[in-house]
Amino acid sequence: MIARVFIEGGWAMWPILVFGMVTIGASGRFAYRPALGQLRFIAAMAILELVTTVHATWLCIGSVMSYLGKLEGPEAEQSTRILFTGLMESTRPGGLGGMLLMVSGLLVAVGMLRLGAKKD
């Protein structure tokens with residue numbers, strides 16, 4: 001199931017995965033040993049992850065529209081099915097990027113909680 005979703009998202013899933021794992025790694029380090037200076041890097045990586053996810057989604061949608069624009073003959077009759085299948089596949093980068101950002105955000109929240117507990 002996961003491999004199919006990854007394949008459906010296309011090649012742009014790879015940078016989303018790599019940037020997301022770097023973000024999660026930095027966030028995990030912050031959760032384990034919080035220091036405010038780490039937050040700049042985490043924020044920059046989270047922005048990069050978000051931009052990459054949006055870019056990948058638009059690339060997928062553009063590919064679907066390009067394919068639909070070239071349809072002729074019997075395939076053109078299936079354009080509605082192709083459109084909805086393509087749009088479904090275009091949501092895959094957003095799903096992966098969103099999940100990775102969510103985990104990273106949770107780890108940053110844990111780090112902030114631990115940072116506050118250290119000061120008290």
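What pattern does the protein follow, read along the sequence? The pattern is α-α-α-α-α. In total, the secondary structure comes to five helices and zero strands. The radius of gyration is 19 Å, well over the 14 Å that the globule rule gives for 120 residues, so the protein is more spread out than a compact globule. Taken along the principal axes, the C-alpha atoms fill roughly 70 × 25 × 20 Å.

Now, confidence. This is a predicted model. The protein averages a pLDDT of 93, and 98% of the residues score at least 70. Confidence is lowest in helix H1, residues 2-9, with a mean of 85. It is highest in H2, at 97.

Let's stay with H2. Two packed helices are described by the angle between their axes and the distance between the axes. Here the pair is H2, residues 13-32, and H3, residues 38-69. Their axes come within 9 Å and cross at roughly 160°. An angle over 145 degrees counts as roughly antiparallel, so that is what H2 is to H3. The crossing of H2 past H3 is left-handed.

Which residues meet there? On the H2 side, they include Pro-15, Ile-16, Phe-19, Val-22, Ala-26 and Phe-30. On the H3 side, they include Leu-39, Phe-41, Ile-42, Met-45, Leu-48 and Ala-56. By class, the contact of H2 with H3 has 13 nonpolar, six polar and two charged residues.

Notes. Residues numbered from 1 in each chain as written. Predicted model: local features only at pLDDT ≥ 70, side-chain atom pairs only at ≥ 80, totals over all residues. Heavy atoms only, no water. Axes fitted to C-alpha atoms, helices over the stretch in contact; angles between N-to-C directions. Helix = DSSP H or I, 4+ residues; strand = E, 2+ residues; numbered from the N terminus. Parallel < 35°, antiparallel > 145°, perpendicular 65-115°, else oblique. Left-handed = near helix turned anticlockwise from the far one by under 90°. Contact = heavy atoms within 4.5 Å. Nonpolar A, V, L, I, M, F, W, Y, C, P; charged D, E, K, R; others polar. pLDDT = per-residue confidence, 0-100. Rg over C-alpha atoms; globule rule 2.2 N^0.38 Å.
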